[in-house]
Amino acid sequence: MGVDIPDPRFYWKLQSAENEQFQIAYQLIVSSSKENLNSGIGDMFDSGKKRSAQNTHVVYSGKTLQPAKQYFWKVRVWDKNNQTEGWSEAATFSTGLFSEEDWAGADWIAWKPQDEWEENWWKRKEVELQCTELYLPSYFGARMNLWERYNFHQNNPYDPSPLMRKTFQANKEIEEATVFISGIGYNELYLNGQRIGDHVLDPGWTNYNKTILYTTYDVTPQIKQGKNAIGVMLGRGNYGLLAVDHWGFYKKGGYVGQPKLKYLLKISYKDGTTADIISDQSWKVTGGPIIYDGPHMGEIYDARKEIDGWSFPEMEDSSWSPVQSAPAPGGELRAQLCEPIRIVNKFKPVIVENKGWYQMADAGTNLAGWIRLKIDEPEGTRVLIYYGEKEVTRDEDQPGGYQQMAYIAKGVPGEIAECHFSYKGFRFVNIVGLSKPLSADDIEICQVNSDVDKVGQFSSSDSTLNAIHRICTKSMISNLHSIPTDCPHREKNGWMGDATTGIEFGMANYNLAAILTKFTRDMFDTQDKTGAVSMIAPDNDYGVGESPLWGSACIHVPWYMYNYYGDTRLLETYYDKMKLFVASVWNNNEVADKPGIFTDVLADWCSPHGNISDEGAEVYTTMNFYLVLKRMAKIAEIVGKNKDCREFEKQAQIVQDAIYSYCFDEEKMIFRGITPSLYRQGPNAMALNNKIVKPEHKAPVYQTLLNDIEKNRDYHFYGGIFTGYSLWEYLPKNQQGELAYKVAANNAYPGYGFMLKNGATSLWEHWENKSSHIHYFMGFVDNFLIRHVAGIDVNKDVPGFREIIFAPKFISEINHAEASYESIHGLVSIRCERKEQGIIYAELEVPCNCSGKIILPEFEKYTLEVDGKSLNTQSDSEKEFVIIPSGKTHLTINLKQKEQ
C-alpha cells in the first residue's frame, strides 16, 4: 500500500510444466476499478500485445496516477508457440501521497511548545556532558542502571512518551478508509481501542533532515459509523536520541527533536462523498506509561500510569492538554516501501535459572529483539531486565553496555512487560526485582527484525559448513532493522563498509530489494556538496569524506542490486551522485606526494594484524577505488553515458599504474602497503580479485599467496574483512575449491571453525573471542557455500538471474550439497550428490523464461550426460560449460570413463 512512485514497475512470474518455455509477448492493463479490469478495460494503461520477453521491471507508462487511490491490474503472456492461457488473477496496488498538497493541510504536532522543549532538552544535555566517560554506546550513563539514568535529572526529568488522541464523527456508511501516518521517532497507532497493524519500531530510521517515512494502513474495518477515536503513542527513536553517543546524533545542528506526528485519515463514503481527518491543534495530548525511552538507553514502562480506554471514543479527556504545532523536521516525506519491522518469531527460553538475587534466562542463540515477561507482583514493584550476549549480562565488557528494560507493576493479574521503542541484541537476560521464581512459561523470546522473506537455502553433508551457514544467516537477519546495521546492541548503525563485504550473502538468503533501495537513499542522504559521503547511514555528518573505503558502498550496493535483481533504476536515479562521489575521492583523499593513491581513516577492519596495521590503509582503499572505477565504467555504459565510461576507464588505468608504482614489489612479486610490513594476504588477494595484477605477474603473485595460506598460515585466510571478501571470491573461482573448504573447516584460530568451537551462534566481529558476537560483515564465506559448494551464482553479463550460473566445485570431502534461491523470476535450485565412486548426480531447476549455464570444474577426465543423453561441453577462453533451458535438468558426471 501507499506507493508514492509516479511510474511504478510491474513483475510477474511464469510457470510451465514444459522445459525450455519462454515468453515472447505480453499484454498488461491497469484499471481504475475492479469493474473495468474484469471487463478487460485498461482505462489507466493498456500495453496492447507487446512483443517482449520482459517480465520484470516493466515500467508504468499510462495516465497520471492519482494520490491515495487504489488501482487494479492483470497481465497475460504468449509463450514460444504464440499461445496464451489467458489473463492472470487480478492484482492491486494503492498510491500514496505524491506532494505536500496531498496531505490536505495536515500539520506536524507535538506535546510541548518548541522553545520550552529545546530549552529543557539542552539543559539536560549540558549536565550530562559534564559526566561523560569513554564507554559505548553512550558517553553518559552506559554503566548506570535504568533507575539511575531516569532519576539523574530528578528535578527536570525527560518527558514520558506522549499519547495523542482525537475524536471525530463519521455519520455515513463507510466505503473505504486509509491512514497515512508519520510519527517520529516511532509510533503505535490505535483506532477505537484497537491497535492498527503489527509494525514495531515504525517508521524506519532515516536522516530526518533529508527523508522522513510515512506508513499507509487500510483501516476500513476499524472505522465505525458514528463517533470514533484515534490514538497515537509516540517514542523518541533516533529522533531525539537520549544517548550521548560516539557518532554525534545527539549534537546540535543535526535532527534532534521532540516526538511529533503528521497524520491523514482519508474516508470515502458509500454516497460518493469524502472526508479528511488531519493532525492539527484540535488534537489532545498527555504523558503515557513509557516514562523513559531510547534505542541505546532502554525504556521504563510504569504500568501505574496507564490510562484505561485512552484510544476509545468514550473516554473523557478534558484533563488532557492541547497539542502544539511543531516545526517540520526538514526532510521529504516518502512512503515506507521496505518491509516493516515486526516480531517475526516467538519461542521459549531453553534454560531458566534462579541465581539468587536475580533470575537468568537463556534463549539458546543470539538474536535481536526483546522478551515478554509475565508479571505477578504487588503495585509499585520495580523489575529490571538486563540483556546481553554473555550469561552475566551486567558484565562491563558486554557489547552495548547495560541493555535494559524496566517495568513498574500496577498490581493486577495478567501484566506483561515488553519493549515498545527499543530493541536489544542478546542471548541471555538477567531479571532483577521479582519475588517469585520464574519458569519458561513466564518468558517469551521475541525475535524482532525487518520482516523480509527468506529466499535462499543451503545444506550439505558437512555439519561444519551447515553450522557456518546458520551463523551467517542468523547474523544477517539480526542486523536488519530498516537498514543493515553493524550490530543490534552497541551501535545499531548502518556502517557502509559492512554492506560492501557482507550484503551480497544477505541477498542470497533474504529478499533485500526493498530495504537496500531505502538504504541506497540513506547513503546518498549523507552526501555533502563536494560529493563526499559518510561512513554510516543514516548519519549526522559523521566522518563525511574520511573513508572512501567505507563510503564506496554507495557504488557497490546499487551494483549488487543490478546483479541480483537486474535493477537499473537505482543506477539511473543516483548516477550523478555516484559520479560526484568519485570526484570527491580524487579531490579530498588523494595522497599529496603519491598521485593515484588514496588515504583513509579505516582499513582492512578486524584483521588479526589490527584494524589498521603497519601496511597502512592506503593500499586497501586504493585497490577498492580501482574496483569502484571499473564498476562505474560499466554503470556508465548501462545508463548510456559512453563518454563517462571511457573517462572512468582512464581513471582506473591511472590508479592501476599508481598501485604498481607504490604498492608492488617487483623483486618479491608481491603487493604491499605504501609503508614497509611483513607479507599480507589482503593486498595480493585484492589485486587478484579486482583484476589489478598484470598477466605477467599473476602466476607468481598467486603462488606466493597460496604458499602463505597453506604453509605459513596452516590453511588460514589471514586478514580482515576486505582480505576475506577477496579470498572467498577469488580462490574458489580459480581451481582452489578444495583449499577453500580446508580453510572453512579449520577449527583453529582465526576462522569460522574456531568461532563454532567456542560456542558461536552468530558471527563474531573479530576473529578473537571478544567484542560483538552479532556482526554480519564476515559472512562472505556464505558466498562460497552457495556459489561454489552448492553452485548457484549470478551472471553479471545477464543480471537478475535471467541466466543462472551453476558452478559447483564437487569438493571431494562433501558427498552432498544443495541450495535454492527464489529469484524474481522463480525458483532456482541445485542438488548434487555422490551416489557411488566416480559418479556425481546433479538435479537443477531453472525458472521459466530463463536459462542456466553449468560451468564444470577442471576434472582430468569424465563423461557427461544431461537427462540421460551424452553431451559434449562448450568452452570459452576459461571454462567448459553446458547451457540448459528452463525447467528441471538431470546431470550425470562419470569421472572414470573419459579417455585422456
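Predicted model: local features only at pLDDT ≥ 70, side-chain atom pairs only at ≥ 80, totals over all residues.

Biologist: Which strand pairs with β36 besides that, and in what sense?

Modeller: Strand β31 (residues 456–460) pairs with β36 in the antiparallel sense, over five bridges. There, G456 has Y821 of β36 as its bridge partner.

Biologist: Why is β36 called largely enclosed?

Modeller: Buried means under 20% relative accessible area, exposed over 50%, and partly exposed in between (1.4 Å probe, protein chains only). Five of the seven residues of β36 are buried, so the strand is largely enclosed by the rest of the structure.

Biologist: Why does S820 count as buried?

Modeller: S820 has 19% relative accessibility, so it counts as buried. This residue lies in β36 (residues 816–822); strands are DSSP runs of E with at least two residues, helices are runs of H or I with at least four, and both are numbered from the N terminus.

Biologist: What does S820 contact?

Modeller: Contact means heavy atoms within 4.5 Å. Leaving aside neighbours within four places in sequence, S820 is in contact with V455, G456, Q457, I792, L827, V828 and S829.

Biologist: Is I805 buried or exposed?

Modeller: I805 has 10% relative accessibility and therefore counts as buried. I805 belongs to strand β35 (residues 803–806). Not counting residues up to four places away in sequence, I805 touches G791, I792, D793, V794, N795, K853 and I855. From I805 to D793 the C-alpha distance is 5.0 Å, though the two are twelve residues apart in sequence.

Biologist: What is the strand order in the open sheet of five strands?

Modeller: The order is β34-β35-β39-β43-β42, with mixed pairing. β34 (792–793) and β42 (874–875) stand at the edges, because each has a single partner strand and one side of each is left without a neighbour in the sheet. β42 is joined to β43 (residues 880–884) by two bridges, and these strands run antiparallel. Within that pairing, Q874 has F881 in β43 as its bridge partner.

Biologist: How do you know that the protein agrees with a compact globule?

Modeller: The radius of gyration is taken over C-alpha atoms, and the globule rule is 2.2 Å times the number of residues to the power 0.38. With 900 residues the rule gives a value near 29 Å, and the protein has 29 Å, so the two agree. The C-alpha atoms fill a box of roughly 90 × 70 × 55 Å along the principal axes.

Biologist: What do the totals say about the whole protein?

Modeller: The secondary structure comes to 17 helices and 44 strands. Of the 900 residues, 62% count as buried. Among contacts between residues at least 6 apart in sequence, 75% join residues at least 24 apart.

Definitions and conventions
Residues numbered from 1 in each chain as written. Heavy atoms only, no water. Pairing = 2+ DSSP bridges.
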